[in-house]
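This briefing sets out the computed features of one protein chain.

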Amino acid sequence: MAAIVLSLVYRQIQHLTDVLRCLEVEGLLWAEAISVSRQALSQRLESLPSDLFIKLFEQVIERLAAKKNKN
């Protein structure tokens with residue numbers, strides 16, 4: 001789930017169908033390519049604790065901002 005959340009933010013993926021396609025075709029970060037149903041992905045995202053999602057999201061945003069300011 002961390003690979004999916006990080007990819008959503010870093011690659012600015014906007015739709016679940018795009019996440020599913022990327023996950024099935026190429027994999028995401030360290031997660032190998034795998035076929036997952038839309039319902040299964042939705043259920044996993046819904047079960048992800050919000051505080052964990054927020055921490056991951058904030059860390060990615062901070063690192064992207066730092067990288068942007070560095071360039």
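The structure is a predicted model, and its chain holds 4 helices and 0 strands. Along the principal axes, the C-alpha atoms occupy a box of roughly 40 × 25 × 20 Å. Of the 71 residues in the chain, 24% are buried.

**Largest pocket**

- Helix 3 is the element that gives the most to the lining, with 3 residues.
- The lining residues include Met1, Ala3, Ile4 and Leu23, and also among them are Trp30, Ala31, Ile34 and Val36.
- Ala40, Leu41 and Arg44 also line the largest pocket.
- Sorted by class, the lining comprises 10 nonpolar residues, no polar residues and 1 charged residue.
- Arg44 belongs to the lining, and Arg counts as charged, so Arg44 accounts for the 1 charged residue there.

**Nonpolar surface patch**

- Phe53, Ile54, Phe57 and Ile61 make a nonpolar surface patch of about 320 Å².
- Phe53, one of the patch residues, is found in helix 4 (residues 50–70).
- The relative accessible area of Phe53 is 32%, which places this residue in the partly exposed class.
- Patch residues must have over 30% relative accessible area, and Phe53 qualifies because its value is 32%.

**Salt bridge**

- The chain has a count of 1 salt bridge.
- This salt bridge joins Arg11 and Glu26, whose closest N and O atoms are 2.9 Å apart.
- The pair links distant parts of the chain, with its two residues 15 residues apart.
- Arg11 lies in the loop between helix 1 and helix 2, whereas Glu26 lies in the loop between helix 2 and helix 3.
- Arg11 is partly exposed, at a relative accessible area of 40%.
- Glu26 is likewise partly exposed, with 45% relative accessibility.

- Gln12 is not a glycine, yet it has a positive phi of about 55 degrees.
- Gln12 is placed in the loop between helix 1 and helix 2 (16–25).
- With a relative accessible area of 61%, Gln12 is exposed, because the cut-off for this class is over 50%.
- Leu29, a residue other than glycine, also has a positive phi, near 50 degrees.
- The loop between helix 2 and helix 3 contains Leu29.
- Leu29 is exposed as well, at a relative accessible area of 57%.

**Helix 4 and its span**

- Arg63 is found in helix 4, and this residue is exposed, with a relative accessible area of 65%.
- Arg63 and Ser50 are 13 residues apart along the chain, and their C-alpha atoms are separated by 20 Å.
- Helix 4 covers residues 50–70 and also holds Phe53, which is partly exposed at 32%.

Note on methods
Residues numbered from 1 in each chain as written. Predicted model: local features only at pLDDT ≥ 70, side-chain atom pairs only at ≥ 80, totals over all residues. Heavy atoms only, no water. 1 Å grid on protein atoms, 1.4 Å probe; cavity = no way out; pocket = protein on both sides within 12 Å on 5 of 7 lines; lining within 4 Å. Patch = residues over 30% accessible without salt bridge, like charges linked within 9 Å, V, L, I, M, F, W, Y side chains within 5 Å. Areas by Shrake-Rupley, 256 points an atom, 1.4 Å probe, with all protein chains shown as cover. Salt bridge = Lys/Arg side-chain N within 4 Å of Asp/Glu carboxyl O. Buried < 20%, exposed > 50% of the residue type's maximum accessible area, 1.4 Å probe, protein only.
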